Amino acid sequence: MSSSFASPRHEFLCGLRDITPLSFGVATYGLAFGLLAAQQGMGGLTTGLMGALVFAGSSQIVAVERLAAGAGAVMAVVAGLALNLRILLMTASLRTELSGRPLWQILLGVHLTSDENWVLMHATRAKGRPAGYAYLVGGGSNLMVVWVLSTAAGATFARMLPDLAAMGMDFAFTAAFILLLTSLWHGPRDLSPWVVSTVVAGGMALTLPVDPSWGLIAGAVAGAGYAGMRDDE
């Protein structure tokens, strides 16, 4: 196979294979999210369907946590969407990969884009190997299957237990979010947007008489906006 060209099928299979080490980490915080979802009364099927339709770990974790805090469904959805604003920047960078493709392929590629397969695609290119749309979709397909199965398994397992809090397993949200943060960290360049988000979110939550969800939303928008302006310079 030429180093400069690969068939879509070959690229897809390479993406499916190469992402596997990262998918183990996804499975770990998928199980933790499943435990969190079960605490809010979600069953395995519901949790799995949520994962397939949303496929955004940070958004799902924050949305469910906001529901648990009594913020309401609308606020939970808005907070989850705001936290994933970085995906807009990532998919905007895929113009070359998505250009000229039918709508269903564009929607599929956008839906399957995550931090892991997006970064892996660029890292693979940097090594001189072909990695385009099919590679991205292959990696995303692997991650989606793992995410759906692990979240559903976590929720199903949790519902079989008598009392998560009594067993010391009510830390699921904290554990899932810590695992998610470690998977999103790509190096020192990520620090400044994280600091901006943290300062804005914490400042609003601690000083203004508003629901903490608004702090999350403002922090996410500020961090994503800062990252976008920085990368344009």
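**Figure 1. Surroundings of S192 in the predicted model.** Leaving aside neighbours within four places in sequence, S192 is in contact (heavy atoms within 4.5 Å) with Y226 and R230. S192 belongs to helix 12, residues 191-207, where helices (H or I, at least four residues) and strands (E, at least two) are DSSP runs numbered from the N terminus. The C-alpha atoms of S192 and A227 are 8.2 Å apart in space, although 35 residues separate the two in sequence. With a relative accessibility of 26%, S192 counts as partly exposed, a class that lies between buried (under 20% relative accessible area) and exposed (over 50%), using a 1.4 Å probe and protein chains only. This is a predicted model in which local features need pLDDT of at least 70 and side-chain atom pairs count only at pLDDT 80 or more, while totals for chains, interfaces and linings use all residues. Residues are numbered from 1 along each chain as its sequence is written, and side-chain values use heavy atoms, with hydrogens and water left out.

**Figure 2. The aromatic pair of F33 and W147.** A search of the whole structure finds one aromatic pair, a pair being rings of Phe, Tyr and Trp (its six-membered ring) with centres within 6.5 Å, classed as stacked when the planes are under 30 degrees apart, edge-to-face when over 60 and tilted for the rest. F33 and W147 form this pair, which is stacked, at 5.8 Å centre to centre and with 25 degrees between the planes. The pair links distant parts of the chain, since F33 lies in helix 2 and W147 in helix 10, 114 residues apart. F33 counts as buried at 0% relative accessibility, and W147 is buried too, with a relative accessible area of 3%.

**Figure 3. The largest nonpolar core.** A nonpolar core is a set of buried Ala, Val, Leu, Ile, Met, Phe, Trp, Tyr and Cys residues joined through side-chain atoms within 4.5 Å. The largest one has 27 residues, of which V26, F33, F55, V64, M121, Y135 and W147 touch the most other members. At least two residues of this core come from each of helix 2 (20-39), helix 4 (57-68), helix 9 (115-126) and helix 10 (133-159). The greatest contribution is that of helix 10, which gives nine residues.

**Figure 4. The buried side of helix 1.** In helix 1 (residues 8-18), the buried residues are E11, C14, G15 and D18. They cover an arc of only 100 degrees around the axis, so they are on the same side of helix 1; the arc is that of the directions from the helix axis to the C-beta atoms. Among the elements that cover these buried residues of helix 1 are helix 2, helix 9 and helix 10.

Figure 5. Q105, G109 and L112 are buried in helix 8, residues 103-112. Because these buried residues fall within an arc of 75 degrees when seen down the axis of helix 8, they line one face of the helix. L103, W104 and L107, on the other side of helix 8, are exposed. The cover over the buried residues of helix 8 includes helix 9 and helix 10.
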